[in-house]
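Please look at the sequence and the structure below, and follow the dialogue with both in view.

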Amino acid sequence: MSLLVIRDLVVRRGGKVVVDNLSLTLDAGRITSLIGPNGAGKSSLVLALGGVLPIESGVVELEGRSLAGKSPELIRAAGIAAVPEGHQVLSGLSVEDNLQAAGFQHSPRQIASIIDDVFGIFPELLERRNQKAGTMSGGQQQMLALGQALVARPKLILADEMSLGLAPLIVKRLMGVVAKLATQGTGILLIEQFTQIALQLANEVHVMARGRFRYSGVAQPLIDDPDILHKAYLA
Ligand SMILES: Nc1ncnc2c1ncn2[C@@H]1O[C@H](COP(=O)(O)OP(=O)(O)OP(=O)(O)O)[C@@H](O)[C@H]1O
């Protein structure tokens, strides 16, 4: 069974349809890249899947269970963790307190072991466990944002523009973690402004423009012929 099934999803924002009858299937252990121009509706899709924006119509099912009308907390507890655009960590709290705050649904014993796992993935965070998140570099804050998502032990991660404003080396580091998570069975929806990264990592690619998918398939044709990509962006 697919992890997440989206059928004919419509999301409206400010009176305007921004996700227009989209259908998409996300599977465990696979990276699905979502690329497209600014304003295409990529973030709106993530916000709707995370329960932050209401679904106007359509079906969203996680392992066969409808997510319609569910709160962001319930959706997160069900197994979908969003890493929103712009590493939204609690800047006045320490690294460890940020991870604690993200693990509200676990028992204190569970959370201690989960946080240890996150520190295993990101030793950079362990070194800074008592540092206020807001005083860290952008890259370290993005690691923390991903760490917060991991605290939920998600089946599916929705990663929105994780690389925005970060140095290439940090981007490589973050994408390495994303790729490893996928090999361990986590489903990933990767929204990326760096098309090259998105295409390299993807098992499947969707190019979104004006609320709809203009290309859906494997990455290779887009790598071989950039014209296909340009046309999809301009559709
Ligand atoms: N807070 C908002 N209120 C109303 N409309 C919005 C709001 N934020 C975005 N929109 C509109 O929703 C549409 C989709 O925007 P969205 O941010 O989802 O696109 P995107 O593909 O993620 O682009 P970007 O890469 O710029 O974030 C755009 O037309 C945008 O103007």
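Q: Which backbone atom lies 2.7 Å from an oxygen atom of the ligand?

A: A polar contact is a pair of N or O atoms within 3.5 Å, and here a backbone N or O atom of Gly39 lies 2.7 Å from an oxygen atom of the ligand. Side chains take part as well: a polar side-chain atom of Lys42 is 2.8 Å from a ligand oxygen, and an N or O atom in the side chain of Asn38 is 3.3 Å from one. Please keep in mind that this is a predicted model, in which local features need pLDDT of at least 70 and side-chain atom pairs count only at pLDDT 80 or more, while totals for chains, interfaces and linings use all residues. Residues are numbered from 1 along each chain as its sequence is written, and side-chain values use heavy atoms, with hydrogens and water left out.

Q: How many residues surround the ligand?

A: A residue is counted if one of its heavy atoms lies within 4 Å of the molecule; there are 13, and the closest are Lys16, Gly39, Lys42, Ser43 and Ser44. Helices (H or I, at least four residues) and strands (E, at least two) are DSSP runs, numbered from the N terminus, and helix 1 gives the largest share of this shell, 3 residues.

Q: Which classes of residue make up the shell around the ligand?

A: Ala, Val, Leu, Ile, Met, Phe, Trp, Tyr, Cys and Pro count as nonpolar, Asp, Glu, Lys and Arg as charged, and the others, Gly among them, as polar. By this scheme the shell holds 3 nonpolar, 5 polar and 5 charged residues.

Methods:
A polar contact is a pair of N or O atoms within 3.5 Å; within protein, one must be able to donate a hydrogen and the other to accept it, and residues adjacent in sequence count only if both atoms are side-chain atoms.
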